[in-house]
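Me: I have a structure to go through. I want to know what stands behind each label. Can we start with its surface?

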Amino acid sequence: MFPEHAEQVLEIYRLGIATGDATFETAAPTWEAFDASRLAEHRLVALDATGRVLGWTAVVPVSARSAYAGVVEHSVYVHPDAQGCGVGQTLLTALLASTDTAGIWTVQTGIFPENTASLALHAKAGFRVIGTRDRLGRHHGRWRDVVLLERRSPTIS
């Protein structure tokens, strides 16, 4: 993921936000804020033959504490026109290869229970459900639960 992808990445993020079931966020950040908060070595895009961004994935550290240096939280977003075509699986597979190589031992995510496609994608990629965080936050005036999932690296013991 490079600055030239910024506009398309943020548009896909906005489209995900608009579904109401992708994130607690209600607006996409600026590119500067997005860029500063995600680890550069684990930001990926899927492109079609014309260079159009079909989807993206990125990670953020869960903590600045050294004990959690190998734990990240990730996001994966796919353009609505490309959903169901394997883009999410391709992105998630590439991300996990990247994090495994870098020595990251846990990749986690939180998903609204209503986002069944994302839950299925993550199960297929080897994530396990840790539990449901009931009424974790308010979103558009209502409490939302979040399913916490993690994937432990098979290459790090």
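Reply: The chain exposes about 8,500 Å², and carbon and sulfur atoms supply 53% of that area. Accessible areas come from the Shrake-Rupley method with a 1.4 Å probe, and for residues only the protein chains shown count as cover. This is a predicted model: local features need pLDDT of at least 70, side-chain atom pairs count only at pLDDT 80 or more, and totals for chains, interfaces and linings use all residues. Residues are numbered from 1 along each chain as its sequence is written, and side-chain values use heavy atoms, with hydrogens and water left out.

Me: Why is Arg65 called exposed?

Reply: Exposed means over 50% relative accessible area, buried means under 20%, and partly exposed lies in between (1.4 Å probe, protein chains only). Arg65 has 55% relative accessibility, so Arg65 counts as exposed. Arg65 lies in the loop between S2 and S3.

Me: And what makes Ala6 buried?

Reply: Ala6 has 9% relative accessibility, so Ala6 counts as buried. Ala6 sits in helix H1, residues 6–19. Across the chain, 40% of the 157 residues count as buried.

Me: How do you know what radius of gyration a compact globule with 157 residues would have?

Reply: The radius is taken over C-alpha atoms, and the globule rule is 2.2 Å times the number of residues to the power 0.38. For 157 residues, a compact globule would have a radius near 15 Å; the chain has 15 Å, so the two agree. The C-alpha atoms fill a box of roughly 40 × 40 × 30 Å, taken along the principal axes.

Me: What makes a stretch count as a helix or a strand?

Reply: Both are DSSP runs, numbered from the N terminus: helices are H or I with at least four residues, strands are E with at least two. The chain has four helices and six strands. Their order from the N terminus is α-α-β-β-β-α-β-α-β-β.

Me: How do you know what span to expect for H3?

Reply: The expected span is 1.5 Å times one less than the number of residues. H3 (residues 87–101) has 15 residues and reaches 21 Å from its first C-alpha to its last, close to the 21 Å expected.

Me: Which residues of H3 are buried, and what do they pack against?

Reply: Among the buried ones are Val87, Leu91 and Leu95. The buried residues of H3 pack against several elements, including strand S1 (44–47) and helix H4 (116–124). Contact here means heavy atoms within 4.5 Å.
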